[in-house]
Amino acid sequence: MTQPSKQVKQLDRVIIRFAGDSGDGMQLTGDRFTQESAVFGNDLVTLPNFPAEIRAPQGTLPGVSSFQVHFADHDILTAGDAPDVLVAMNPAALRANLGDLPKGATIIVDTHDFTARNLTKAGYSANPLDGDDLAEFAVHPVDLTGMTVEAVKEFGLSRKDAARAKNMFALGLLSWMYGRPTESTTAFLTKRFAKVPDIRDANITAFKAGWNFGETTEAFVVRYEIKPAPMNAGTYRNITGNLALAYGLIAGGVQSGLPLFLGSYPITPASDILHELSKHKAFGVTTFQAEDEIAGVGAAIGASFAGSLGVTTTSGPGIALKSEAIGLAVMTELPLLVVDVQRGGPSTGLPTKTEQADLLQAMFGRNGEAPVPIIAPQSPGDCFDAALEAARIAITYRTPVMLLSDGYLANGSEPWRIPEVDQLPTIDPAFATHRNHGEGDDAEFWPYERDADTLARPWAIPGTPGLEHRIGGLEKGDGHGNISYDPANHDYMVRTRQAKVDRIADSLPPLAVDDPEGPDGRRARVLVLGWGSTYGPIGAGVRRVRKAGYHVAQAHLRHLNPFPHDLGEVLRRYDKVLVPEMNLGQLSMLLRAKFLVDVVGYNEVRGLPLKAAVLADVIGGLVAEAEGIEVDLTPKENA
Amino acid sequence: MTTDSTADLGLPGLRSGVELVPTLDEGSAPQTGKEFTSDQEVRWCPGCGDYAVLKAVQNFLPDLGLRRENIVFVSGIGCSSRFPYYLDTYGMHSIHGRAPSIATGIATAREDLSVWVVTGDGDALSIGGNHLIHALRRNVNMTILLFNNRIYGLTKGQYSPTSEPGKVTKSTPMGSVDHPFNPVSLALGAEASFVARTIDSDRLHLTSVLSAAAAHRGTSFVEIYQNCPIFNDGAFDAIKSPETKADAIIPLVHGEPIRWSDKALVRDRQGGGVQVVAAAEVADADVLVHDAHAPDPSTAFAISRLTDSGYLNTSPIGIFRQVERATYDDEARAQLETARGAATGDPSQRLAALIGAGDTWTIV
């Protein structure tokens, strides 16, 4: 379809940010562009960024919503530090995002919304499109709204409804510029607006009009081509962290044969897991929208006692409320999954922004010695595996497990190689069926008689004759499980609960350390260790340092409690260990306390993912220090 | 599975609270109270009203004819919440105020269990007030026994949310300035489908209420006046003492005119509520006939307001309300069944179809 007059440029990667008012449909636009890119075969990573307010005042800076997508012809790890292209639907969107653009970036603005009133709302005293303010960028002023209204006038919509299709016009234009396949978007719009044919046709028409505008106008003379990225064989789909996590929980139910019971109270950014699971009742998934966070976890504990896989999903403030109940699950030793999709804190904090500052809350946020295993996914697609692993630990060891996702993983997306179901691990709930203490007629059921290997106690569910027993939050006597105030017993039980959690490490593989031997046969003296969603930026930063010719090793922790057995040994292998985190050094504190290793923290709490370029500089500095050399990370060629 | 050994609701066609719970095999020996008694030493204070309730429950449970392993008692925190330890059924002594939420999870996950919550005035009405009203609103199939001694016992004698105004306790040396809850009014306000009040020391009445509560499908709320001999002794003397109880107890029996002592209850035509009058001054036809099955809870609420909020000199006792309403757990399970019925393939196949849906592409 390309006209010969248009020039085609090859690029290896592009970062586009769609920005507009909260009501402009930027999340949908970004999501569609992402799906098109996924189907095309690019590797990609996305970063949605939206205000906590549902509809902040129109046209204002707080109301700006954006969606950034980074797509490439090679394996990429982050949503990108700085956009190459900004699509700004109004003056506020331009003003809010301009500071993130590098020199030479392309800006496409909808001139229709650059009215005196909107400029004032955005804090502009003069129209930035008129002066030299944007001289260092390639600016394309386009009347997106006007052209959309014109294109869809045959459908007889109100002007307001007609104008709402402008995001699809913009999507069509960008799809043309980057040679995206359009079928999936047309199919999506057909389905989404099936019940309102006028709106459906207007959106499809606007989408096509945007494409055609790109092709015919002289304003855009260049199209770009980003070849598909080579990926491992398999079938892929694009997936967000929350969706992958919900699927992982369902898989946990299927693979264990247990009904899944979610007790949850809506909270940003975790609610989408509740929404998703509520659709899958056919898998035996019960979703209970509780009256509060405490009732959510309480019902999940009750369901676990009754033989379901109890799950509760929330964010940091919800964990604070659930703490006492999680302690009950520690004491009663019942399987329970606690999902914390972390957001900026403390208190209400930054509900729609990301952070990983709940690690110490997950680790220690309960009264008494109350050890809880902690698992963290490292990318959106990895949320699936992490959820399944959390289910394995919860069921096998009869313990609550904390799963720490975050806002970036929850809403961000990436291509995900769909696993083969028959390759997924199975989990044996191994319910107790017989009395386990003593012989013959004198045999009794002892609810705290433990498995010798895992130290797990038996899980005897109501309805099992002869195993009637009582559990609760009071200290249990070893074995028989009756209330015990005996000092020696308490000391023993506290240590045993800790030992049970520590033993999980026996089931973990050694920590994978990526430390390639350089051409000179040397290995790194600096290790970068992370956890959770920083995997992408750390990996990208590490690559830049290696590309510049330096050595650096990378490892990422899935299990934060207990740590893998060999972690201490790995840490001691390196002269310097850098621990980048979106908090003030929580993993650093744990590592220093446990291993007496003087790790170096790099910490940011800006509500945004770490930037690869910044991390590369930090790593470079540490390499220079460790090796006593000068480090120059200036890209050589094509880096 | 059904059982015919449960109390008759008197309403044909109603589903029983225990109809899905497995019963004893036909011909098997009847259970005894002893079988429901665990090997744990009961550790309430001597003279505590909890003993009487425990004994009544242990002796009543065999009447249900249910399999012991299908009965679950859940409690929160407080003196009464030790209850599950003394019953040889499945049980959980949980955390303060949260028993209704835990029981909701159990009852929703399993239709084949008879679920009981044991709680107190502090546990249910202070720290757990939110869970109580929401359990009642949802009408989850369970029975909540609220032991009301109008004091905090386990923490040694502070006033509770049902203590009378002016009560002098360890935390209120100049007298409490808190206004108390009336648990029955609260339950009716939360649209509970079964609301009753009984007394620890009246074994016969207590057992009849337990029986009706177990038979009711939905959340049965039973307030049990229970004496604390250590911190609030004598709180219920007026309704227990042979000299005064005829005057103090307003007896509620479905279908019966509400009369006691020399008094009767009539409608207050002007105020819209109910009014206590001298029985001699009112025609038989004008005496209010108790209708626990009335769809509108207004009259039941009006009757509940006759309870003294200060020292208890007068209190209506009996089943205030007993109406049929869809239960949360039945409806939730029905949705699961509907969804399951519409699905094809085994779970693994369906999981593969689920995660493999959407816009996909294949790399070879």
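The structure is a predicted model.

In chain A, 6 strands form an open sheet with mixed pairing, in the order E3-E4-E2-E5-E6-E7. Its edges are strand E3 (43-49) and strand E7 (138-142), each of which pairs on one side only. From one strand to the next, the twist averages 15 degrees. Within this sheet, strand E2 (residues 13-21) and strand E5 (residues 85-88) of chain A are paired in the parallel sense over 4 bridges. Helix H1 (residues 26-40) of chain A lies across E2, E3 and strand E4 (64-72), and runs at about 10 degrees to E4(A).

The contact between the two chains takes 59 residues from chain A and 53 residues from chain B. Several elements of chain A each supply at least two residues of its side, including H1, helix H9 (241-256), helix H12 (316-332) and strand E17 (470-472). Helix H11(A) gives the largest share, 9 residues. By class, this side of chain A has 32 nonpolar, 20 polar and 7 charged residues.

Strand pairing also links the chains. Strands of a sheet pair through backbone hydrogen bonds, either parallel or antiparallel. Here E17(A) and strand E2 (residues 90-93) of chain B pair in the parallel sense over 3 bridges; the bridge partner of A:Arg470 in E2(B) is B:Gly91.

In chain B, helix H4 (residues 129-138) has several buried residues, among them B:His131, B:Leu132 and B:Arg138. The residue that follows H4(B) is B:Asn139, with a positive phi near 65 degrees.

Technical notes:
Residues numbered from 1 in each chain as written. Chains lettered and ligands numbered in written order. Predicted model: local features only at pLDDT ≥ 70, side-chain atom pairs only at ≥ 80, totals over all residues. Pairing = 2+ DSSP bridges. Axes fitted to C-alpha atoms, helices over the stretch in contact; angles between N-to-C directions. Contact = placed C-beta atoms within 7 Å. Buried ≥ 20, exposed ≤ 12 C-beta atoms within 10 Å, placed from the backbone. Nonpolar A, V, L, I, M, F, W, Y, C, P; charged D, E, K, R; others polar.
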